[in-house]
Amino acid sequence: MPLDPSFVGRTYPPDATYEVGREKIREFAAAIGDASPLYTDSEAARAAGYPDVIAPPTFLTVINLDAINAIAEDPELGLDYSRMVHGDQSFRYTRPVHAGDQLRITTTVEDIMARAGNDFLTVRGEVVDAEGQLVCTTRAQLVVRGEGA
């Protein structure tokens, strides 16, 4: 069953605030194998001009994934999660994420298209801080394999 194209432009407001913690940043950096002291050492981060340790560029996957899943699991969309694979993802930052940030993400279905029997769903996320300032724009493309794929 193809994805419902009327979802293009649909926006999902934030449902929670995510507080970025030092330990979460440290765990994420260890999981991706990045030993930069900017991710683990508050003094090194402050010496580099940051208020605290900063997060690796892909850290926002942590909150982005929940937001994407809220869309993917919407029964009206018609997405068969068992046929979905991750196609592409990008992050465009206005500033680094750092420990102590309180972030909220609003997601929007940016595009739905069919190609070669597969459906492509593009989702944009706008991540803002506690003051409502844009921190990052995320994009993810999900591919829902067709029946014959």
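Predicted model: local features only at pLDDT ≥ 70, side-chain atom pairs only at ≥ 80, totals over all residues.
## Overall architecture

The chain contains 3 helices and 6 strands, and when it is read along the sequence these elements follow the pattern β-β-α-α-α-β-β-β-β. Along its principal axes the C-alpha trace spans about 55 × 30 × 20 Å.

Of the 149 residues in the chain, 40% are buried, while the accessible surface comes to about 8,000 Å², with 52% of that area belonging to carbon and sulfur atoms. Among the contacts in the chain with a separation of 6 or more, 68% are accounted for by residues 24 or more positions apart.

## Strands β4, β5 and β6

Strand β5 pairs with β4 in the antiparallel sense over 11 bridges, and β5 also pairs with β6 in the antiparallel sense, over 10 bridges. Strand β5, which runs over residues 118-128, has 8 of its 11 residues buried, so it is largely enclosed by the rest of the structure.

Both pairings are hairpins, and each turn includes a residue with a positive phi. Between β4 and β5 there are 2 residues, and A116 in that turn has a phi of about 55°; between β5 and β6 there are 5 residues, and G132 in that turn has a phi of about 85°.

## Helix α1

The buried residues I25, F28 and A29 belong to α1. Seen down the axis of α1, the buried residues fall within an arc of 100°, so they line one face of the helix. These buried residues of α1 pack against α3, whereas the face turned away from the buried side carries the exposed residues A30 and A31. Just after α1, G33 takes a positive phi of about 75°.

## Nonpolar cores

The largest nonpolar core has 19 residues, and those with the most contacts inside it are I25, F59, L60, V97, L103 and V127. Helices α1 (22-32) and α3 (61-72), together with strands β4 (102-115) and β6 (134-144), each supply at least two residues of this core, the largest share, 3 residues, coming from α1. Apart from this core lies another, of 16 residues, which includes I68, I71, A72 and L142.

Within the largest core, L60 is one of the residues with the most contacts. When residues up to four places away in sequence are not counted, L60 touches F91, Y93, V97, L103, V127 and C136. In general terms, nonpolar side chains in soluble globular proteins tend to be buried together.

## Aromatic pairs

The model has 3 aromatic pairs. One of them joins F91 and Y93, whose rings are stacked, with 6.4 Å centre to centre and 25° between the planes; the pair counts as stacked because the planes are under 30 degrees apart, and the centres lie within the 6.5 Å limit for pairing. Both F91 and Y93 are touched by L60. Y93 has a relative accessibility of 27%, so this residue counts as partly exposed.

Elsewhere, ring pairs link Y18, F28 and F59 into a cluster. F28 is one of the buried residues of α1, and F59 is among the residues with the most contacts inside the largest nonpolar core.

Terms used. Residues numbered from 1 in each chain as written. Heavy atoms only, no water. Core = buried A, V, L, I, M, F, W, Y, C linked by side-chain atoms within 4.5 Å. Buried < 20%, exposed > 50% of the residue type's maximum accessible area, 1.4 Å probe, protein only. Helix = DSSP H or I, 4+ residues; strand = E, 2+ residues; numbered from the N terminus. Contact = heavy atoms within 4.5 Å. Pairing = 2+ DSSP bridges. Arc of directions from axis to C-beta. Areas by Shrake-Rupley, 256 points an atom, 1.4 Å probe, with all protein chains shown as cover. Phe/Tyr/Trp six-rings, centres within 6.5 Å; stacked < 30°, edge-to-face > 60°.
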